[in-house]
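Visitor: I am new to this structure and would like to be shown around. Please take it step by step.

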Amino acid sequence: MAFKRILGVLTVREGCLVKSYGYSRWRPAGGLVTALRNLDRWGADEIVVLDISRRAGLDSEVLSQIKAARVSTPLAYGGGIRRVEDVHHLMELGCDRFIVENLLFTHPELVNRLAELAGRQALIASLPILASGAFLSAPALWRPDGSLSWLEWRERLQALPVSEFLVTSVDSEGVSGNFPVALPSALEGFAEKSVIWFGGLDLDAARACLALPATVGVAWGNSFHETELAMPHLRRRLLRGGLRPARLA
C-alpha cells in the first residue's frame, strides 16, 4: 500500500490563528507559533498554514510567526500568493510547498512560472467545493468563465503544473463528521493528480478517502486546537484500520 500523509491545517485570518467554520465564521485559537511547534512535536507529516483573509499579498505578521517557530516538519503555505517574489520570500522562510487557488483561473501563466521556480512537486492546487443538497461538482470560492463547463475547467486544471489537489468541502469545513461521502466519487477524473481531502472529516470518512488510489493525504484543522496530542491519537486510530501513514510506515 502506498504511504499516506496526515496533515495539520492551521487557519489564519488578519494575522491571527483562528478556528474556522465554513470559512464564514471564526473564533480565536491561540498563538500560531505555539500551534506550529505543537504539530511539529506531535509528528504531523506536513503542516499547512492557510491564510483565509482573501487579501492579495502575504501577511508580514503571519510570516514573522512562521519564521519564529522554526519547525522541521515540511511546511506548505497558502493565501495571498500573487507573484513570483512571494514564493521566493516563502522559500527563504523555510516553506517547502505553496498552495495556489485564484491564480489557477486568473493567471495560469503565472502558475507555470512558479513551477519553473520551485518545481511542479512544490505546487498544490486548492479546490474548494460546495455541496448543497444533491451534490454539485462546482467550485465554491471562485467563479470561472461561464462559457466553459465544469468538465472543461476540470481538464484545464489537470493540465496545470501542480503535483496535488487540496480538495476542501467548504460546507463541512471545521465540523467533524460532516464530510460529504459523495464528494470523492463526484470528482472522478482527478485520478491523474494526487488528492488531499479536507473539511469535516471523521475517522470513517478519512479511512474511506485514504483507501482511494488517488489519495495521498487527509487533513484536519480545528481538532488540533481542541484536544491535547490530537495528532498522535489520530494516527494510532487510523493505524488500527490497517492503513500506513507516512510517519509510521
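**Helices, pairs and bridges**

Helix α1 passes helix α2 in a right-handed crossing. The model is a predicted one.

Visitor: Are α1 and α2 roughly parallel or oblique to each other?

Guide: The axes of α1 (residues 32–42) and α2 (residues 60–69) come within 9 Å and cross at roughly 40°. Angles under 35 degrees would count as roughly parallel. The crossing angle is roughly 40°, and α1 and α2 are therefore oblique.

Visitor: How are α3 and α5 oriented to each other, roughly parallel or oblique?

Guide: Helix α3 (residues 84–92) passes helix α5 in a right-handed crossing. α3 and α5 (residues 108–118) pack at an angle of about 30°, with their axes 10 Å apart. The cut-off for this class is under 35 degrees, so α3 and α5 are roughly parallel.

Visitor: Which kind of aromatic pair do Phe 179 and Trp 197 form?

Guide: The count of aromatic pairs comes to one. In the pair of Phe 179 and Trp 197, the centres are 6.2 Å apart and the planes stand at 80°. Planes over 60 degrees apart belong to one class, and the pair of Phe 179 and Trp 197 is edge-to-face.

Visitor: How many residues apart are Phe 179 and Trp 197?

Guide: Both Phe 179 and Trp 197 are buried. Phe 179 is in the loop between β9 (164–169) and α7 (183–186), while Trp 197 is in strand β10 (residues 194–198). The pair links distant parts of the chain, and the separation is 18 residues.

Visitor: Which residue lies over the face of Trp 26?

Guide: A charge counts as over a ring when it is within 6 Å of the ring centre and within 35 degrees of the ring normal. Here the distance from the ring centre of Trp 26 is 3.7 Å, and the residue is Arg 13.

Visitor: How many salt bridges are found in the whole structure?

Guide: Side chains of opposite charge can pair when their charged atoms come close. A search of the whole structure gives a count of eight.

Visitor: How many residues apart are Glu 46 and Arg 5?

Guide: Glu 46 and Arg 5 form a salt bridge, with their closest N and O atoms 3.0 Å apart. Glu 46 is in strand β4 (residues 46–51) and Arg 5 in strand β1 (residues 5–13), so placed that the pair links distant parts of the chain. Both residues, Glu 46 and Arg 5, are buried.

Visitor: Is Asp 86 buried or exposed?

Guide: Asp 86 meets Arg 83 in a salt bridge, at 3.3 Å from N to O. Arg 83 has a relative accessible area of 46% and is partly exposed. For Asp 86 the relative accessible area is 5%. Buried means under 20%, so Asp 86 is buried.

Visitor: In which helix do Asp 204 and Arg 207 both lie?

Guide: The closest N and O atoms of the salt bridge between Asp 204 and Arg 207 are 3.7 Å apart. Asp 204 is exposed, with 56% relative accessible area, whereas Arg 207 is partly exposed at 26%. They are three residues apart, about one turn of the helix, and that helix is α8.

Conventions: Residues are numbered from 1 along each chain as its sequence is written. This is a predicted model: local features need pLDDT of at least 70, side-chain atom pairs count only at pLDDT 80 or more; totals for chains, interfaces and linings use all residues. Side-chain values use heavy atoms; hydrogens and water are left out. Rings of Phe, Tyr and Trp (its six-membered ring) pair if their centres lie within 6.5 Å; planes under 30 degrees apart count as stacked, over 60 as edge-to-face and the rest as tilted. Helices (H or I, at least four residues) and strands (E, at least two) are DSSP runs, numbered from the N terminus. Buried means under 20% relative accessible area, exposed over 50%, partly exposed in between (1.4 Å probe, protein chains only). A salt bridge is a side-chain nitrogen of Lys or Arg within 4 Å of a carboxyl oxygen of Asp or Glu. Axes are lines fitted to C-alpha atoms, for helices over the stretch in contact, and angles run from 0 to 180 degrees between N-to-C directions. Angles under 35 degrees count as roughly parallel, over 145 as roughly antiparallel, 65 to 115 as roughly perpendicular and the rest as oblique. A crossing is left-handed if the near helix is turned anticlockwise from the far one by less than a right angle, and right-handed if clockwise.
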